[in-house]
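Student: Hi! Could you walk me through this structure, one piece at a time?
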Amino acid sequence: MSARPRAGRKLAPYLLVLPGGLWLAAFFLIPTVVMLSLSLQSGSVEEGFRLTWRVSTYTDAISLYHTQLVRSLTYSAVVTGLALVVAYPMAYWIAFHGGSRKSSYLFLILLPFFVSFVIRTVSWQFILSDQGIVLGPLKSLGLLAEDFHLLATSAAVIGGLTYNFLPFMVLPLYVSLERIDPSLVEAASDLYASKVQGFLRVILPLSLPGVFAGVLLTFVPAAADFVNATILGGPGTTMIGNVIQTEYLTNLDYPLASALSFTLMAALLIGVFAYARALGTEEVLEVSAA
Amino acid sequence: MDQDKRPPEIDSALLRGLTQARLTRRGMFKAAGTGAGVAGLAALLAACGVSGTSQENKAAAPGFWDSQKQAGLLNFANWPLYMDVKKVGGKETHPTLDQFTKETGIKVNYKEVIESNDGFLGKILPSLRAGQDTGWDLIVITNGPPLSRLLRQKYLVELDQSKLPNFNKNAGPSFKNPDYDPGNKYTVPWQGGLTGIAYNPKFTKREITSFEDLFDPKFKGKIGMFGDVNDAPNLALAGLGIEPSKSTEADWKRAAAKLTEQRDKGLVRKYFDNSGEAQALASGDVWLSMAYSGDVFQLNAEKGREELRFVVPKEGAMLWTDNMCIPLKAQHPLDAITYMDYVYRPEVAGALAAYINYVTPVPGAKQAIEAEAARASGEDRASLQDIATSPFVFPQESDLANTHSYRDLTPEEEKIWNRLFQPIFQS
């Protein structure tokens, strides 16, 4: 009689994990296997693609596009660093000094999301244009050289990426800072810690899970982005996302595009694991629980 | 109407690759050889093969056209902004289509669904390959590799020239009997256009005449190029004095080297994605750029003055045509060919050209537009006169003579070509 509930209890965790598991199988595992297969096939759209275990697609992909791959990872690292520097004080201020208006401030940070990503980036193209509303007057005043430009530079692409991904950094930081019990800071100052020491010894370590989550949420999508490089970039700022998009949709070279995607994925996974190792995995679990 | 006849939204070749197991014999042996654990994965990977679109063609049998009857319906797939529009009581109508329906009784299911050649072909190729109706009776495809793909596979219905009297009478010589379709056996042009050089005289402060101007260090960082693997490489070949359509792999390497040098010297400001060059020229972000004739005309028309100039460089421009064709197994071919011929009436071609602003294949449309201008008044009259005298819509025969057409590529060549040129633009 008592066996029944016990069996249910045994099954419960699996049943709970089932929806998530199915989701991952359908939308991650299957596409990944298909992509891996595609990257090892050869052929053309007309003749069809067949699995020939052609590994040299990978070496081709890397020798043709290693610059773009390295550039994407570098841009993304810079973007993550900038976003962290900008977002931490914002999140800190909202969490500790936001008072009753905390949610309004958070809403303000999310507000740009109500306008399409592409439209926001295109408006930056207008603002930064060579003869546009910012550079035009500065040039006519003689403050800038006539051939000075911001568009088509790495600065424009990195700026655009930082702007677009900032909320992904602010929100997890805010969550982890908001959870810190203010009495811990009081206790630190009771024990003769200065404000700086209190921050470095108490607040910063406790906010690391937020930093970890923010860095992941910014770094991974930023490395694969192609919109900012298309709209704000020029020659010499192409990111790997642009290459993958063109190879897939324009040149219909599925194996090359898949090999590039896989290489990017591998690079990101290695980076993420190394980073998780360095920061410790417990915090990661803590963040996902948060 | 005809919801079910529309092509599926997902690339069905890919979808089939995802859903249907297609284990080949070779794949089986391979899988068996690599051990039990790996075998599962290998079979899984092999099952993910994407089936090709090639097949033996069942060409239209003789007497095909004799047995056709007018069905009173035409499913027409076209590109955006490629049909005259008139607002009547807040509703947009297409006057030339309405007139066609009135005269012939053929209703036109007109959809602007083609946004790129490859994207659209990706949707219809699986049906063609399976020997099924694509849902469209008339499609518009640009010459070059996409159209060649259809022609090579014989996926188009051979046209009955006796049903195209207006085309044979009124089409301009540059639009008849093209290299890619001798004798217009399968296609007739919808509109054409030139890819040449546009510049903003306010910034260049001199006339631009040659392809070499795109390599002038004086314009460092102010030069725009197209970043696709069609226009830019072909125009670069023409610029080197090579006829693109007859170029060899060695020529491609020379063109690639020239374009790479241009990029590495910092001359190029931006590789455009087949659009946006006119706006960038007007804003001064680039001073001169590879450009489409129609884009320049439309921008000048918007500004109401000649802001930008378009030139056919002395080495020649690319002349491309978007071509009407009937996909195999189309349900209403007679309706389609009737429409194909209808647009070659000068007054219809004129009405289309006045809206579209690309190069019309009917030189006689000029008189039709002038006659229309004489009847109109005020602003309409001025803009119609602009169009009739525009060198973009009605290029001089000397300009048209100095044009080249795209290189056709076999699938093997296409791979070499793409891997040679794509990395230049995506640096």
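Student: Where is B:Lys205 found?
Tutor: B:Lys205 is in the loop between α8 (201-204) and β7 (223-226) of chain B. Helices (H or I, at least four residues) and strands (E, at least two) are DSSP runs, numbered from the N terminus.

Student: What kind of model is this, and how are things numbered?
Tutor: This is a predicted model: local features need pLDDT of at least 70 and side-chain atom pairs count only at pLDDT 80 or more, while totals for chains, interfaces and linings use all residues. Residues are numbered from 1 along each chain as its sequence is written, and chains are lettered from A and ligands numbered from 1 in the order in which they are written.

Student: Back to B:Lys205, is this residue buried or exposed?
Tutor: B:Lys205 counts as exposed because it has 9 C-beta neighbours inside 10 Å. The rule is that a residue is buried if 20 or more other C-beta atoms lie within 10 Å of its own, exposed if 12 or fewer, and partly exposed in between, with C-beta atoms placed from the backbone. B:Lys205 also has a positive phi of about 55°, although it is not a glycine.

Student: And what is the phi of B:Leu81?
Tutor: B:Leu81 has a positive phi of about 55°, and it is not a glycine. B:Leu81 lies in the loop between β1 (73-77) and β2 (86-88) of chain B. With 12 C-beta neighbours inside 10 Å, B:Leu81 counts as exposed.

Student: Let's change topic. How many residues of strand β11 of chain B are buried?
Tutor: Nine of the nine residues of β11(B), residues 317-325, are buried, so this strand is largely enclosed by the rest of the structure.

Student: Which way do they point from β11(B)?
Tutor: B:Ala317, B:Leu319, B:Thr321, B:Asn323 and B:Cys325 point one way, while B:Met318, B:Trp320, B:Asp322 and B:Met324 point the other way. In a regular strand the side chains alternate between the two faces of the sheet.

Student: Which strand runs antiparallel to β11(B) and is joined to it by four bridges?
Tutor: That is β5(B), residues 138-142. Two strands count as paired if DSSP finds at least two bridges between them. B:Ile141 stands opposite B:Asn323 in β11(B).

Student: What else pairs with β11(B)?
Tutor: Strand β6(B), residues 188-199, pairs with β11(B) in the antiparallel sense over seven bridges. There, B:Pro189 has B:Asn323 as its bridge partner. Strand β12(B), residues 403-404, pairs with β11(B) in the parallel sense over two bridges, and B:Ala317 is partnered by B:Thr403.

Student: How many residues does the largest nonpolar core have?
Tutor: It has 115 residues, and those with the most contacts inside it include B:Leu138, B:Ile197 and B:Leu288. A nonpolar core is a set of buried Ala, Val, Leu, Ile, Met, Phe, Trp, Tyr and Cys residues joined through C-beta atoms within 7 Å. Helix α14(B), residues 346-356, gives the largest share of this core, seven residues.

Student: Last one: how many helices and strands does chain A have?
Tutor: Chain A has twelve helices and two strands. Buried residues make up 33% of its 290 residues, and its C-alpha atoms fill a box of roughly 85 × 70 × 35 Å, taken along the principal axes.
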